[in-house]
Amino acid sequence: MPANRKYGMDHPHHSWSPLPSRTCLRWPNGANLAICIIINLEHEQWEIPPNSYVASNLAGGLSPRPWPDYMRITHREYGHRVGVFRVLAALEKANIPPTIAIDSATARMYPYLIKYCRDKGAEFIAHGTSVNSMVTSRMSYRTETKYIRETMDALIEFTGETPRGWLGPEFGESEHTPQILGELGFRYVCDWPNDEQPYMMTVPTGEISSLPIMLELDDVNAMWDRKITVKNYAKMLIDAFDRMYLDGLDNGRLLVLNLHPWLIGQPFRIGYLEKALAHVRSKKGVWAATGSEIIEWYREQS
Amino acid sequence: MGKSLYPDRVDYLPIHDRPKIIWPGKAKIALWVAPNIEHYEYTPETSYGRDPWPRVPHTDVREFSYRDYGNRVGFWRMLDSMDRYRIRCTVSLNMAVLEHFPEIGRAIVDRSWDIMSHGIYNTRYMYGMTDDDEMRFYRDNIDTLYEHTGKKLKGMLGPACSETENMPDLMAKSGLIYTADFLHDDQPVPINVQTGKLVSVPYSVELNDHVLFTASFDGDVFVRRCIDQFDRLYSESSQSGRVMCIPLHPFLIGQPHRIKYLDKVFQYISRYKGVWQTTADEIAEYFIEHYYDDYVERAISLKKNFTHAG
């Protein structure tokens, strides 16, 4: 539906709220910046289920090739076998608890990774059924509800916890997604990269917040889609952090960083993440937390 | 429906939970350098599942000839660097190069390099091959290599990185011992096949000159990536030996404005001890002889120990 030319958003999912109009947000212990790192553990299916939608720019390998695309699938699998351990070690060293966005295929097939991440203090959030099965507006309300429910049930079964957060594969949503997430009891959604603070979504049932990711700082967006060198990527992370840290003195900011172990976990890349995180941890007034910790704190304040 | 790549083809074993690899001479890193020596047909068939020259109606002289430059000029310039730094390459070879351009074949044989198949032509993909087609394809590769070089074929990187569903089974059935089409690891990994033993010796699209130089990256980025990759793997190798692959294309790396960056990489690496500069053939053989069985055993026991309750 085309937008109506009137004040505010042209959709019903959240209200319009320019940042300077908000009251001051403070994080625990008066911190001016909260940092949350979401690590995506994604499975690329060998055979794509019928009616699945695959993002045209889906990353990995040599860019999309005819089936069977061993290179793309195995390039991504590198994350599960090798990369994720480097990334988790980097977070541990920087004392940042991981938030793991995991799809149901990975959760089912990699029990070792679930245990390993849990031992590192991870929070698991739901991330669809696989990276090549996106949520889009082509799904009916029923199909989408079933898809999200299935993902949720798989996480309950394989992680033993009910996921509180949702990140759609490749940020995929239909016009119904926030409503369905609310109905299913999710507490937050990470698909909307439009802010530097959490905010409330408007849903008929349930209570759901947005935990906005900084899209330009997403490793795949920066280094795969936009071909930024890892050296410049690290500089961009530090520049963003420094500015948000400063702006956070007036009104607390939130930096949500989304990482993919198959990419940032490559041997020649990981050192640059370590350097950027060392910079983050050298500052006082930074609160490193999982998605749920941030959302629950935010909800208590507002 | 055949086997799924994961988890059927490859058993999961995290990098820190494997037999500790020590390369010959107590080396920390096995380094293999893989120039792709290719021939793209002037007027290829378009029935192989992908259009080799999608830019214009065939033929595309610009794209054809740009790649041919690699064989006429770039290869020989690259050869100077290899000789200067005494690099023994693993050539990823379109076998028809041996027939069209035997001088290149002789230069490879004279240097005792190893050769893995990269198919017959870079414009004949494997997509859609039947099992019988594919068995004949391996026979052709094996025979052509033997006829022109006297060498036994041990591994393959699919032509233009094309593959088939049953590729690992049929490679092993044909007597090959490694595939380079998997990018999933920093070490060799056993691949489950119906008969025999097959391992992956991981290739790279991250340090690949083709990937870098057809995007906006320059020679400095190539050098930085290679050095950073080397440093990281070298430092991690105290836990267990690592493999590093530098894939090249003479039509790209052999350009006059670019070759010095390859020299810089070799200059840097040559300062280090503990580098086993070898070939994919030797990496695969060494791994199969010393670590394959132990790896498989551990993977099976991990599968038993880590199952979801219920």
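The legends below walk through close-up views of a predicted model.

Because the model is predicted, local features are reported at pLDDT of at least 70 and side-chain atom pairs at pLDDT 80 or more, while totals for chains, interfaces and linings use all residues. Residues are numbered from 1 along each chain as its sequence is written, and chains are lettered from A and ligands numbered from 1 in the order in which they are written.

**View 1. Chain B as a whole.** Chain B holds 12 helices and 9 strands; both are DSSP runs numbered from the N terminus, with helices being H or I of at least four residues and strands being E of at least two. Its radius of gyration is 19 Å, close to the 19 Å from the globule rule for 310 residues, so chain B is as compact as a globular protein of that length. (The radius is taken over C-alpha atoms, and the rule is 2.2 Å times the number of residues to the power 0.38.) The C-alpha trace of chain B spans about 60 × 50 × 40 Å along its principal axes. Of the 310 residues in chain B, 48% are buried, where buried means 20 or more other C-beta atoms within 10 Å of a residue's own, exposed means 12 or fewer, and partly exposed lies in between, with C-beta atoms placed from the backbone.

**View 2. Where chain B meets chain A.** Here 37 residues from chain B and 30 residues from chain A take part in the contact; two residues are in contact if their C-beta atoms, placed from the backbone, lie within 7 Å. On the side of chain B that touches chain A, the elements giving two or more residues are α1 (5–9) and α8 (219–236) of chain B. The largest share, 7 residues, comes from α8(B). This side of chain B divides into 17 nonpolar, 9 polar and 11 charged residues (nonpolar: Ala, Val, Leu, Ile, Met, Phe, Trp, Tyr, Cys and Pro; charged: Asp, Glu, Lys and Arg; polar: the others, Gly among them).

**View 3. Helix α9(A) against α8(B).** The axes of α9 (residues 267–281) of chain A and α8(B) come within 7 Å and cross at roughly 85°. Axes are lines fitted to C-alpha atoms, for helices over the stretch in contact, and angles run from 0 to 180 degrees between N-to-C directions.

**View 4. The surroundings of B:Val199.** B:Val199 is one of the residues that touch the most other members of the largest nonpolar core, which has 174 residues. Such a core is a set of buried Ala, Val, Leu, Ile, Met, Phe, Trp, Tyr and Cys residues joined through C-beta atoms within 7 Å.

**View 5. Backbone details.** Most residues other than glycine have a negative phi, and most peptide bonds are trans. The bond from B:Tyr6 to B:Pro7 is cis, with omega near 5°, and B:Pro7 is found in helix α1 of chain B. A:Glu170 has a positive phi near 55° and is buried, with 23 other C-beta atoms within 10 Å. B:Arg86 also has a positive phi, about 50°, but counts as exposed, with 10 C-beta neighbours inside 10 Å.
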